[in-house]
Amino acid sequence: MKLALLGAFAVSSLAVGIAASQSAPTVAPPENASPIYGVTIPEGYRDWRFIAPAQEAPPLDELRAVLGNDIAVDAYKKGILPFPDGSILVKLAYKRKQSTEFAPATVPGTPTTVQVMVKDSKKYPDSHGWGFGRFVNGKPVDIAQHETCLSCHVGNVKDHDYVFTRYAP
């Protein structure tokens, strides 16, 4: 009798578990997440620390500033490669324009993109631990543009954990 009760309990527990897994809500990607990687623009990133500037030649003709969270900045300062999981880099890009107040100066003009790299080796094992996001006006760009992220980083900076930016002292 005990064996029959135990068997009935096991079967009913299995049925409940299967029903629960079948009815469990699927996790939707966050709003405004990048295609392929699901990366979003991090909250409060404009208060992060400055890592380095960059100037992109024509045809892009942009000024760029790279910011990092504390994990990324600490890795840069200590020379840690690969970057530890949790590192996040954000690149702000602007069209270049001549200053109206000081003729020799070039200043940021119209913003073009916000680009994000997130290090999570478990979530992004197929892209060397990095997830990518490229955003215009807070919205992710199309999948075709995101398909170019990894190949560019792999083709040019695999020896620096797939990151172009170097820390500016």
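Helices (H or I, at least four residues) and strands (E, at least two) are DSSP runs, numbered from the N terminus. Keep that in mind for every H and E label I use.

This is a predicted model, where local features need pLDDT of at least 70, side-chain atom pairs count only at pLDDT 80 or more, and totals for chains, interfaces and linings use all residues. Residues are numbered from 1 along each chain as its sequence is written, and side-chain values use heavy atoms, with hydrogens and water left out.

Let's start with the overall layout. The protein chain has three helices and six strands. Along the sequence, the pattern reads α-β-β-α-β-β-β-β-α. The protein chain has 169 residues, and 34% of them count as buried. Buried means under 20% relative accessible area, exposed means over 50%, and partly exposed is in between, with a 1.4 Å probe and protein chains only. Contact means heavy atoms within 4.5 Å. Among contacts with a separation of 6 or more, 50% come from residues 24 or more positions apart.

Next, helix H2, residues 70–78. Which residues of H2 are buried? They are Ala72, Val73, Ala75 and Tyr76. Seen down the axis of H2, these buried residues fall within an arc of 160 degrees, so they line one face of the helix. The arc is that of the directions from the helix axis to the C-beta atoms. Just after H2 comes Gly79, with a positive phi of about 70 degrees.

Leu63 is found in E2. Leu63 counts as buried because its relative accessibility is 16%. Leaving aside neighbours within four places in sequence, Leu63 is in contact with residues including Ala54, Leu92, Tyr94 and Val107. The C-alpha atoms of Leu63 and Gly109 are separated by 8.6 Å, and those residues are 46 apart along the chain.

Arg64 lies in strand E2 too. Is Arg64 buried or exposed? Buried, because its relative accessible area is 12%. A polar contact is a pair of N or O atoms within 3.5 Å; within protein, one must be able to donate a hydrogen and the other to accept it, and residues adjacent in sequence count only if both atoms are side-chain atoms. The side chains of Arg64 and Glu62 make one of 2.6 Å. The side chains of Arg64 and Glu56 make one of 3.5 Å.

On a 1 Å grid over the protein atoms alone, a pocket is an open set of points with protein on both sides within 12 Å along at least five of seven lines, where a 1.4 Å probe fits; lining residues have an atom within 4 Å of a point. Grid points are joined across faces, edges and corners, and a volume is the space filled by probe spheres set on the points. The largest pocket holds about 510 Å³ of space. It has 24 lining residues, and the closest to its centre are Arg64, Lys91, Gln115, His153 and Phe164. The second largest pocket holds about 170 Å³. Of its 14 lining residues, the closest to the centre are Pro111, Thr112, Thr113, Val114 and Asn137. E4 gives the most to that lining, with four residues.

Over to the loop between helix H1 (2–23) and strand E1 (49–56), where we find Ser34. Ser34 is buried, because its relative accessible area is 4%. Its side chain reaches the backbone oxygen of Phe132 at 2.9 Å.

Last, some backbone points. Most residues other than glycine have a negative phi, and most peptide bonds are trans. What is the peptide bond from Pro58 to Pro59? Cis, with omega near 15 degrees. Pro59 sits in the loop between E1 and E2. The peptide bond from Leu81 to Pro82 is cis, with omega near -5 degrees. Pro82 is in the loop between H2 and E3. Asp161, in the segment after H3, has a positive phi near 55 degrees. Asp161 counts as buried, because its relative accessibility is 8%.
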